[in-house]
Amino acid sequence: MLRNLFRREPTPQEREQIESAVQKTRQGALGHISDLFRQQVITEETWDELEDLLIQADVGPTTAIELVSRARKEVEKEELKTPVEAETAVRRQMVEILGRDEHEPLEEMPAGTIILMVGVNGSGKTTSIAKLASYLEQRGRSVLLAAADTFRAAAIDQLRVWGERVKAPVVAHQQEADPGAVVFDAVKAAQSRGLDLVLVDTAGRLHTKFNLMEELQKIKRVASKANPEAHIVSLLTLDATTGQNAILQAKSFLQSVEVDGIILSKLDGTAKGGVAFSVYNELGVPIWYIGTGEKVQDLAPFDHLAFVNALFE
Ligand SMILES: Nc1nc2c(ncn2[C@@H]2O[C@H](COP(=O)(O)OP(=O)(O)OP(=O)(O)O)[C@@H](O)[C@H]2O)c(=O)[nH]1
Ligand SMILES: [Mg+2]
């Protein structure tokens, strides 16, 4: 059987979250992959159909072609003759293509860690911050939220509301304040109050992309000035419901901002969950968490094997 080599096993609850989040995706094209391998023999056509299904599920042509070619190679090299063996090879290559995920879990990161949440407008940054805050608190870590999306007053209010709900202090300035100044104050406040992690909400929409990227870089500089020892982690939220567009957006972000991990949000709301397979393969950045709903508890660590298995069950 396939095993997780690089991270802890998901809890039963996390497994359930993953299963329910991929429901729409499983009901779509990806759910038909098993049908392909119920045939008597594997033919050229089987592989073509597999590629079609992957592309329909928003896996993206580049990754779809690569997945099929890797699975075919494995089948030929290992002389796997039965359709069941071929399906196992496909599943194994699906797990492989999701990449190695050896990151230290956020809940184990040292006190002083600063998490920058970046991503385009509406991709789920603020909601994901609230979810992460709750996730970390449940695991015994204290957090502080920084309202560095000063572009809209409503964004600051939204973070304050989440802060109250998850019982995390929020550092905010007024609208249009300098996001760097907010982050500086937040990092200092966390230090003086002895809070472990700072979660920074950033703006997704500025007049030009250049401004946005400049701003994110500045936030990072200010964060390390406020605490030179701080471990800074940048997470990019990608909206799964936008399918392959999420990959294009991410590529544009990655040109100017370093990103450690991806939060694939709104996986529950889409049949385009196949996009998950393109993330590491095309961006070189692993998915760390998935968004499984709108509520604060709807976040799960991304488990490659549980994800692939859930697509087939
Ligand atoms: N179903 C579902 N909805 C989500 C998830 N994550 C976020 N949302 C919804 O997506 C919408 C946008 O989320 P926000 O967190 O406000 O996104 P944002 O990136 O902060 O947006 P801006 O501040 O406008 O840049 C909200 O309606 C959220 O409830 C998820 O995992 N599942
Ligand atoms: Mg927001």
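**View 1. K218 and its salt-bridge partner D178.** In this predicted model, K218 is partly exposed, with a relative accessibility of 34%. Its side chain meets that of D178 in a salt bridge, 3.2 Å from N to O. D178 sits in the loop between β3 (170-171) and α9 (179-193), and K218 sits in helix α10 (residues 209-226), so the pair ties together parts that are 40 residues apart in sequence. D178 is partly exposed too, with a relative accessible area of 34%. Side chains of opposite charge can pair when their charged atoms come close.

View 2. R91 counts as buried because its relative accessibility is 16%, under the 20% cut-off. E87 is buried as well, at 14%.

**View 3. An exposed pair, K81 and E79.** Their side chains form a salt bridge, with 3.4 Å from N to O. K81 is exposed, with a relative accessible area of 62%. E79 is exposed at 56%; the cut-off for exposed is over 50%.

**View 4. A network of salt bridges.** E44, R72 and E76 are linked in this network. Across the whole structure, a search finds 15 salt bridges.

**View 5. E49 in helix α4.** This helix spans residues 44-56. E49 is partly exposed, at 30% relative accessibility. Leaving out residues up to four places away in sequence, E49 touches L36 and Q39. From E49 to V68 the C-alpha distance is 10.0 Å, and the two are 19 residues apart in sequence.

**View 6. L67, a buried residue of helix α5.** Helix α5 covers residues 61-77. L67 has a relative accessibility of 2%, so it counts as buried. Beyond its neighbours up to four places away in sequence, L67 touches L54, V90, Q93, M94 and I97. L136 is 69 residues from L67 in sequence and 35 Å from it in space, C-alpha to C-alpha.

**View 7. T150, a buried loop residue.** T150 is in the loop between β2 (143-148) and α8 (153-166). At 5% relative accessibility, T150 is buried. Setting aside neighbours within four places in sequence, its contacts are I156, Q174, Q175, E176, A177, P179 and V182.

Key: Residues are numbered from 1 along each chain as its sequence is written. Chains are lettered from A and ligands numbered from 1 in the order in which they are written. This is a predicted model: local features need pLDDT of at least 70, side-chain atom pairs count only at pLDDT 80 or more; totals for chains, interfaces and linings use all residues. Side-chain values use heavy atoms; hydrogens and water are left out. Helices (H or I, at least four residues) and strands (E, at least two) are DSSP runs, numbered from the N terminus. Buried means under 20% relative accessible area, exposed over 50%, partly exposed in between (1.4 Å probe, protein chains only). Contact means heavy atoms within 4.5 Å. A salt bridge is a side-chain nitrogen of Lys or Arg within 4 Å of a carboxyl oxygen of Asp or Glu.
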